[in-house]
Amino acid sequence: MSDGRRENAGRDFGPPLSTYRLQLTPDFGFAEVAELAPYLRDLGVSHVYLSPILQATSRSRHGYDVTDHSRIREEFGGLEGLRALSERLTAHGLGVVVDIVPNHMTVPVPESGNRQLWSVLRDGPASPYARWFDIDWAGGGGRVDMPVLGDEVEPHADGSVLRYHDHEFPLPDTHYRLVDWRRGPGYRRFFDVSSLIGLRVEDQEVFDATHEVIVGLVRDGIVHGLRVDHPDGLADPRGYLARLREACGVWTVAEKILVGEERLPADWDCDGTTGYEVLNRITGLFVDPAGQEPLTDLFVERTGMPREYAAVVGRAKREVIDLFLGAELDRLHAVVGSDRTALAELLVAMPVYRAYAVPGEPVPERSVAIVEAAGRAAAARLPEGAPVAEVVNRVLYGPADAVVRFQQTCGPVMAKGVEDTALYRWYPLACLNEVGGEPDRFGGDVGDFHAFCGEMSPGTMTTLSTHDTKRSEDVRARLAVLSEMPQEWARAVGEWSAKVSFDPALDYLAWQNLMAAWPIEPGRFFDYLFKAAREAKTAISWAAPDPAYERGIRDFVMRAVGECGPSVAEFTAMIEPYARSNSLGQKLVQLMLPGVPDLYWGNEITDFSLVDPDNRRPVDFARRRALLAVTGSGPMSGSWDEDKLLVTTQALRLRKRLDPALPYLPVEAGEHAVAFARGDRAVAVATRLPVGLAARGGWGGETITLPHGRWLDLLSGARHTGRVPLAHLLSVFPVALLERE
């Protein structure tokens, strides 16, 4: 970009105080984002966070299918459109964060749309781009398998091109082989998506070529922060982040999925994660552990699924390895050696996405502990004498390719086995079924939450909704209420199921999401349920469709909405005060924790979206502008939408007045509240488990002792000092946001 570089292209933005994620699409590009600048400024965010901006397939609605790293996406407005957007945002005091995709490119249709890949298919290892892609030339006998064939039609030559339907490949076909679309490809891919081919950014030349534009945008002051997609897919995540930091030097977060007590590797040169571990811990605050037994009983009774989540996970992982990841296992086995079955069982037993062993370096103790524990679990499921210990030794201390390839295979097994299978099979309370979540862990201890937050980095991102969440934050807020009223929920589901039923493995998931996303059009609900059925793979899958089953889902949806809709609406209205309390509470907590709070577009008010692509529907910004004009002037209580917007704007604006490094200090608040201070400047208080609170008759004589000083509640306008009755503090809203005067 040196030829287009301008002096003083943008002011020097520091790390974000908060971000607002926007999903760019061919009909919502840079010009449309520019129009939102005054609104986003008034909302209170510091940075606009854009989905991928490099050239992708022309119709892509998400942008992760990059075809050309040298161009800003034309459908969004190209480089000039991005420059104009940056100028507009800068004029309103807003920085820019972009989502980058280092792990893969797309295999487009026609394949000539990726010129680097086309060169490799034409010239093989002699291509100047052969080092770009993670191709198994040895396993393919010098040719790369391209899984595209799907019917009796024969590929045919057309001049210098081989055509098959809309696919095209260079002739002669000496460096590739067309195979059935259900087979694994001859290259590393993104999970099981054969249309996304793995990049080798560990090669400095590939890194430089694929990051030249992004680095130029940072140096020109157009981009001020980076979000790195799927670093676990890379050969060397730590090395990649170090090179990225050296090249760009801006605030950077990594989309790292942390499970349970797992923490971000200390040697990663980034500012934190994209916040899924925070999301899951916040959700746990609003889930009642007492609901675990009755809701699990109800789930098992309704679905016939095992009571133990771990058993479902193990089975799901084995299935996805057998059905979808055979090519990956074969390639891994070729470099690890030993026993293929033992290797597969070790992958099944791995509890995290990656263990971070680096060839040629001492293996971290935690990594050794994780893999060895997985080895013991695998050995317990295999015949006596299975060489599991040998496999464990090879993937920790063996040849470099064995160590790296094992690390890169763990992620796809976790993602496909857990995220995209087990979470659609085992769902006693679906708000717990999130990326990195543990659906068999109901609720969270407030003390543990405080301890976790006390260790958070001020640079890490926090979130409640993203483009990848299974459900939006307000859908989860409704579902969390069920943990406090399992009997009432069981009666409602019994009534609905008596009228309409289809597949026991799917129905109970359907009722949870129909209620929590209500009101929802039948078309949207069908799309969600159809995707859920294909992900669960208990009756149909993406690879094994069944038109009769699809018709059954459609009939179920129409009858469920038509015959049970009024009752579903009645139940949803009944729980709304509690769901609203959860919604406002989790929002306030997220926005006031240490870290950089991220808002997913539209979620500054209520949003009842389900898994993508449902959560990429257009957002009604005109309505949000109108609501902000009402709520932006100061404290008031109104609709759920108005209240959530008030909490959001007041918290974001307060964040701009606070030092991001202010310590997190727990404040004692009793069983039904969570409270904390940020240094001596701000206090956040949120109601939790509101059904139980109402059942016991409210706050009674409970009090909270505020830190020394006079405090203004930015939501209600009331002033407080010292020891305050919770019934008084939370009389207008179920949350309080206090700033020291």
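Which residue takes a positive phi in the hairpin of β12 and β13? The views below answer this and show the pairing around it.

This is a predicted model, in which local features need pLDDT of at least 70 and side-chain atom pairs count only at pLDDT 80 or more, while totals for chains, interfaces and linings use all residues. Residues are numbered from 1 along each chain as its sequence is written, and side-chain values use heavy atoms, with hydrogens and water left out.

**View 1. The hairpin of β12 and β13.** Phe-191 takes a positive phi near 55° in this hairpin, which has two residues between the strands. Strands are DSSP runs of E with at least two residues, helices are runs of H or I with at least four residues, and both are numbered from the N terminus. Strand β12 (residues 189-190) pairs with β13 in the antiparallel sense over two bridges, where two strands pair if DSSP finds at least two bridges between them. Phe-190 has Val-193 in β13 as its bridge partner.

**View 2. Strand β13 beside β6.** Strand β13 (residues 193-198) also pairs with strand β6 (residues 104-106), in the antiparallel sense and over three bridges. Here the bridge partner of Thr-106 is Leu-196 in β13.

**View 3. An open sheet of three strands.** The strands follow the order β8-β9-β10, with antiparallel pairing, and the edge strands β8 (156-158) and β10 (167-170) each pair on one side only. Between β8 and strand β9 (residues 161-164) there are three bridges, and Ala-157 stands opposite Leu-162 in β9.
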